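Trainee: Could you walk me through how to read a few features of a structure, one at a time? I would like the general idea and then the case at hand.

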Amino acid sequence: MIHDPDRLVAEIDALPDTRMFGRVTSVLGMMVEVGGVEKKLSVGGRCRVITRGGKPVPCEVVGFRAGRALLMPFGGLDDIGLGCQAEVAEGQAAIFPTQAWLGRVVNALGQPIDGKGPLPQGEVPMLVKANPPPAHARRRVGGKMDLGVRAINTFLTCCRGQRMGIFAGSGVGKSVLMSMLAKYTEAGVSVIGLIGERGREVQEFLEHDLGPEGLARSVVVVATSDEPPLMRRQAAYMTLTIAEYFRDLGQDVLCLMDSVTRFAMAQREIGLSAGEPPTTKGYPPTVFAELPRLLERAGPGTGQGTISGLFTVLVEGGDMEEPIADAVRGILDGHIVMERRIGERGRYPAINILRSVSRTMPGCNNEEQNALVTRARRLMASYADMEEMIRLGAYRRGSDPSVDEAIHFNPAIEGFLRQRKDERAPLETCYAELAAILGGGGAG
Ligand SMILES: Nc1ncnc2c1ncn2[C@@H]1O[C@H](COP(=O)(O)OP(=O)(O)O)[C@@H](O)[C@H]1O
Ligand SMILES: [Mg+2]
């Protein structure tokens, strides 16, 4: 997963360039200090540092200290030393996507890494660090969106432009679920950001989970765990930027990001290196400033198109109070909780319906559908309350009619929630199926 520095150089060269040079005055860890051009730079600005061998390394300004600019590199720091030139690059980072990016895999800088040759370049520049649309100009979330996964369509229905978190530990089925969403959604395009995973996991996701037919309707952005923090953070921005391109064409876009936690960790590395204090359980304040700026780029636009976002958050041991989980939950319009023990008993996707919620759902369902959902949830809750007792054989049938009913319906509800990865569950049939199971007539 290496990027091609030559292309980036070409991109920077294409920008109006005043060719101003500073000098490297110190290198410490991942941080390069540059003197002489502080007044020409600002946080988020770009530079390229020329190695002793004459190779340019793209860098970003992450702070200032004692009158000098602090830069972090998008590549390695080999061969950079005191006195090396640092050239100021004017303008903001932008990409030029086209429809032909569908089916392609790119890195954090928007360069192809799939060996399928060069990426066609479009006409319209899209800023990589765009701001979310202004709140007052944004449309409201649209109608229901078919995501092709029965548990979500039925109990956690999402609307066009909704943003949801997927909270799960590792190995619980996030990648498989994301690939199902990307393949089976009615959204025209999926943009998938894979951030901070190992290279092997990325390969598995592309080849086994997503497969050629899923990839054909997707653009995938990848920054693996071994890449510098700036690349991992940038991959998250790049994912949203590409989604915004398709949204601006008036399309409904599904934006999937795995994981927001690794984005936050990249920002933590950047912030701490730039001298920020670790204020919240080791996370510096910029993490909590950057999270909403990133996640709010998903959502309805000001025109026809929408970005529906599903963002995974790593919660080991189900700790939803962990600072990143807590911050993300506050920003989004709902959350889907996946649990290891559900997968272990063989029910995939391993979603705990009772702990999950879609905030827009009650408003987009009719009364009959809401009643059906409430009834099913109540049965699941009764069962969950008594689960231990039932397993241990400590519950005697007949002691409580509501528990008896829950036990009666449990196998059918579990069966309803179970979905093979090669199966698509269309939205139209979900409620009718659930109604048939609960014997309550067709609820549409
Ligand atoms: N829908 C599913 N049907 C069958 N097995 C599944 C399903 N989803 C996940 N699994 C199983 O769980 C394992 C881990 O899933 P994966 O998506 O790679 O987890 P994560 O991305 O959370 O680490 C898979 O290898 C597979 O065996
Ligand atoms: Mg995975």
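Mentor: Let's begin with a helix pair. Angles under 35 degrees count as roughly parallel, over 145 as roughly antiparallel, 65 to 115 as roughly perpendicular and the rest as oblique. Helices are DSSP runs of H or I with at least four residues, strands are E runs of at least two, and both are numbered from the N terminus. Axes are lines fitted to C-alpha atoms, for helices over the stretch in contact, with angles from 0 to 180 degrees between N-to-C directions. Here the axes of α3 and helix α4 (residues 199–216) cross at roughly 5° and come within 10 Å, so α3 and α4 are roughly parallel to each other.

Trainee: Which residues make the contact of α3 and α4?

Mentor: Two residues are in contact if their C-beta atoms, placed from the backbone, lie within 7 Å. From α3 come Ser175, Val176, Ser179, Ala182 and Lys183, and from α4 come Phe205, Asp209, Leu210, Glu213 and Gly214. For classes, Ala, Val, Leu, Ile, Met, Phe, Trp, Tyr, Cys and Pro count as nonpolar, Asp, Glu, Lys and Arg as charged, and the others, Gly among them, as polar. That gives the α3–α4 contact 4 nonpolar, 3 polar and 3 charged residues.

Trainee: Before we go on, what kind of model is this?

Mentor: This is a predicted model, in which local features need pLDDT of at least 70 and side-chain atom pairs count only at pLDDT 80 or more, while totals for chains, interfaces and linings use all residues. Residues are numbered from 1 along each chain as its sequence is written, and chains are lettered from A and ligands numbered from 1 in the order in which they are written.

Trainee: At what angle do α11 and α12 pack?

Mentor: Helix α11 (residues 367–392) and helix α12 (residues 401–417) pack at about 100°, their axes 8 Å apart, and are therefore roughly perpendicular to each other. Their contact includes Leu379 and Met386 of α11 and Phe409 and Ile413 of α12. By class, this α11–α12 contact has 11 nonpolar, 3 polar and 1 charged residues.

Trainee: Which residues come nearest to ligand 1?

Mentor: A residue is near a molecule if its C-beta atom, placed from the backbone, lies within 6 Å of it. Of the 14 residues around ligand 1, the nearest are Gly173, Lys174, Ser175, Val176 and Tyr348. Helix α3 (residues 174–184) gives the largest share of this shell, 3 residues. By class, the shell has 5 nonpolar, 6 polar and 3 charged residues.

Trainee: Into which domains is the protein divided?

Mentor: The bounds come from an automatic or database domain assignment: domain 1 (19–89), domain 2 (94–362) and domain 3 (367–440). The shell around ligand 1 draws at least three residues from each of domain 2 and domain 3. The C-alpha centres of domain 1 and domain 3 lie 60 Å apart.

Trainee: Where are the cis peptide bonds you would show me?

Mentor: Most residues other than glycine have a negative phi, and most peptide bonds are trans. Here a cis bond joins aspartate 258 and serine 259, with omega about 5°. Another joins tyrosine 348 and proline 349, with omega about -10°. As for phi, alanine 66 has a positive value of about 50° although it is not a glycine; alanine 66 sits in the loop between β4 (56–65) and β5 (68–73).
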